[in-house]
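Please keep the sequence and the structure in view while reading.

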Amino acid sequence: MLYQVFVDPFVQMADMPDLLVQVLWEGTVAGVLYALIALGFVLIFKASGVFNFAQGIMVVFAALTLVGLHENGVPAPLALVLTVGVMYALAWSIERVVLRPLVNQPDIILFMATFGITYLIIGLGEFIFGGRPKAMITGELFLPRGAIDVQMLGGRVTFQKLDIAAAVIAGLMVAALAVFFQRTRIGRALRAVADSHKAALSVGISLNQIWVIVWFTAGLVALVTGIMWGARSDVSFGLQIIALKALPVLILGGFTSVPGAIVGGLIIGIGEKMGEFYWGPLVGSGIESWLAYLIALAFLLFRPQGLFGDKIIERI
Amino acid sequence: MSAAAPRPGEALLSVDGISLAFGGVKALTDVSFDVRKGEIRAIIGPNGAGKSSMLNCINGFYQPQQGRITYRGVERRQMRPHEAAEQGIARTFQNIALFRGMSTLDNIMTGRLLKMKVPFFWQVWRHGPAMREEIEHRRFVEGVIEFLEIEHIRKTPVGRLPYGLQKRVELGRALAMQPELLLLDEPMAGMNLEEKEDMCRFILDVVRQYGTTIALIEHDMGVVMDLSDRVVVLDYGRKIADGTPAEVKADRRVIDAYLGVGH
């Protein structure tokens, strides 16, 4: 038994390195998508201290809007632009209707309010676009299809072109966000707000404006996530469950760290696939769906602030 | 926006009949006073007298239920904190409010945010006008750093600094905004004698060098009497005295408030 758990999987890895590369790649792609979802959470949590339960449904809503517009005869590029506009309108309304009246309320109130937003968006989405699953307009958005086979390590590794595109686009978006927040006035203001609302207000930063910007940014991240995830499965309301996959990522990476979200996403993604492939057979497979939570639980025990999160020191 | 900037000696800010209540608790009742251009105006009073509430009303953190606030000759009804900042009102806090994750330099740079006008797509490339703007603001901030004698902690994350220096960085951030009116909430609280003397010197120099008008809250009576041109005294949310330090010191009601009636 010990042999099967601690030795055999590694022997397999060494025996078939091509298979290992394939598993690692699959894990990386899943991890990138987890990281994107977690990124949406982190942005909002940093700026407003709100754990946004609605992030998952924002992913679905963005993807639905895009596909729905296209179904109604809007050309794909225009539909993309319009969807961006819709995400801005959503951010603006949330700030106006939900965040502003609830400012200075306890965090739990705002958290509950995001539940409200979730169900409102579900209802709105079903009302406008119907409840049927839709296919993502992959081809119209010029996303590649097919696969590349690479001969390596005495075997063959298959890379889906779509997965490569997803990794590249996610990477570009993270880089763009990093540059934006590092260099611009708005980025500086955002970091200031993340540190202290009171001090940020005193130097003339408008919290309302910053909130619209972060919710809009989280909306854009949701849109990209929705396109990528929707291209792998269908676009349906079931997709919002992936928001729950972001939880272990956040626990691992810390709720306030952008690099944490990325590294956490990759660890969960790769860990999940490796676990499923090499250790899954020992317990009859199917561990992919819960392994992430187990990893997160272990982290909560030993490092509750996550890998990169701010250490919480309470004065008593 | 800036209706005829007041000349030295004229009222820069006047508050008139301000009342503020939180539910049943009356923080301020019918308080009126003015702050003249170029002076140091102290607000004193026992704990819970409503001093901080008064500052919070002036810079828009609180909205008083009654009364008028006139700043630069313009009466305003509701003003939000970021609007107050845009109009040249800067402040520090009783319990330091700094951006703890950032360095001293970055903290003070946030004071320049409102003055940065170049659109973000230039800033992203660190190029052309954005670069020039950044350099210009950096130069101003370096001036502030030199003025406050904190060159040695330029790159230190402020969370690691001792209390006295944090207070100084906070003052630096407010100065970087080039405010017309500077509100200081207990700038010397918790400092030792040497740090207090430094801070006094800085406050006097700020008025002299930058021409800033200052309204400050302070508990150290020696400091207040030395620094301020005029003093307003609050007790239980009401104004009980207003005048020069000497006048206030001799006021019967002030002595009662501080030492208790029947001393």
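Helix α11(A) is largely enclosed by the rest of the structure, because ten of its twelve residues are buried. The model is a predicted one. The buried residues of α11(A) include A:I242, A:A243, A:K245, A:A246 and A:P248. Also among them are A:V249, A:L250, A:I251, A:L252 and A:G253. These buried residues pack against α3, α4, α10 (207-232), α12 and α13 of chain A. Just beyond the end of α11(A), A:G254 adopts a positive phi of about 95 degrees.

**Helix lengths**

| Helix | Residues | Expected span | End-to-end C-alpha distance |
|---|---|---|---|
| α3(A) | 17-48 | 46 Å | 45 Å |

For α3(A), with 32 residues, the reach is close to the value expected at 1.5 Å a residue.

Helix α3(A) is largely enclosed by the rest of the structure, since 24 of its 32 residues are buried. After α3(A) comes A:G49, with a positive phi near 70 degrees.

In α6(A), the buried residues are A:A113, A:I117, A:T118, A:I121, A:G125 and A:F129. An α-helix has 3.6 residues a turn, so residues three or four places apart point the same way. The cover over the buried residues of α6(A) includes α4 (55-71) and α5 (76-99) of chain A. The residue that follows α6(A) is A:G130, and its phi is positive, near 80 degrees.

**Pairs of helices**

How do α12(A) and α13(A) pack together? Helix α12 (residues 258-279) and helix α13 (residues 288-302) of chain A pack at an angle of about 125 degrees, with their axes 9 Å apart. The two helices are therefore oblique to each other, and their crossing is right-handed. On the α12(A) side the contact is made by A:I268, A:G271, A:E272, A:G275 and A:E276. On the α13(A) side it is made by A:E288, A:L291, A:A292 and A:I295. By class, the residues of this contact are four nonpolar, two polar and three charged.

A second pair is formed by α7 (residues 161-183) and α8 (residues 185-195) of chain A, whose axes come within 4 Å and cross at roughly 80 degrees. That angle makes α7(A) roughly perpendicular to α8(A). Helix α7(A) contributes A:F180, A:F181, A:Q182 and A:R183 to the contact, while α8(A) contributes A:G187, A:L190 and A:R191. Three nonpolar, two polar and two charged residues take part.

**Between the chains**

The contact of chain A with chain B takes 20 residues from chain A and 25 residues from chain B. On the side of chain A, α7, α8 and α9 (197-202) each supply at least two residues. The largest share of that side, seven residues, comes from α8(A). The side of chain A that touches chain B has nine nonpolar, five polar and six charged residues.

**A residue of chain B**

Is B:Q87 buried or exposed? B:Q87 counts as buried, because it has 20 C-beta neighbours inside 10 Å. This residue lies in the loop between α2 (81-86) and β6 (89-91) of chain B. B:Q87 stands 45 residues from B:A42 in sequence, and their C-alpha atoms are 21 Å apart in space.

Technical notes:
Residues are numbered from 1 along each chain as its sequence is written. Chains are lettered from A and ligands numbered from 1 in the order in which they are written. This is a predicted model: local features need pLDDT of at least 70, side-chain atom pairs count only at pLDDT 80 or more; totals for chains, interfaces and linings use all residues. Axes are lines fitted to C-alpha atoms, for helices over the stretch in contact, and angles run from 0 to 180 degrees between N-to-C directions. Angles under 35 degrees count as roughly parallel, over 145 as roughly antiparallel, 65 to 115 as roughly perpendicular and the rest as oblique. A crossing is left-handed if the near helix is turned anticlockwise from the far one by less than a right angle, and right-handed if clockwise. Two residues are in contact if their C-beta atoms, placed from the backbone, lie within 7 Å. Ala, Val, Leu, Ile, Met, Phe, Trp, Tyr, Cys and Pro count as nonpolar, Asp, Glu, Lys and Arg as charged, and the others, Gly among them, as polar. The expected span of a helix is 1.5 Å times one less than its number of residues.
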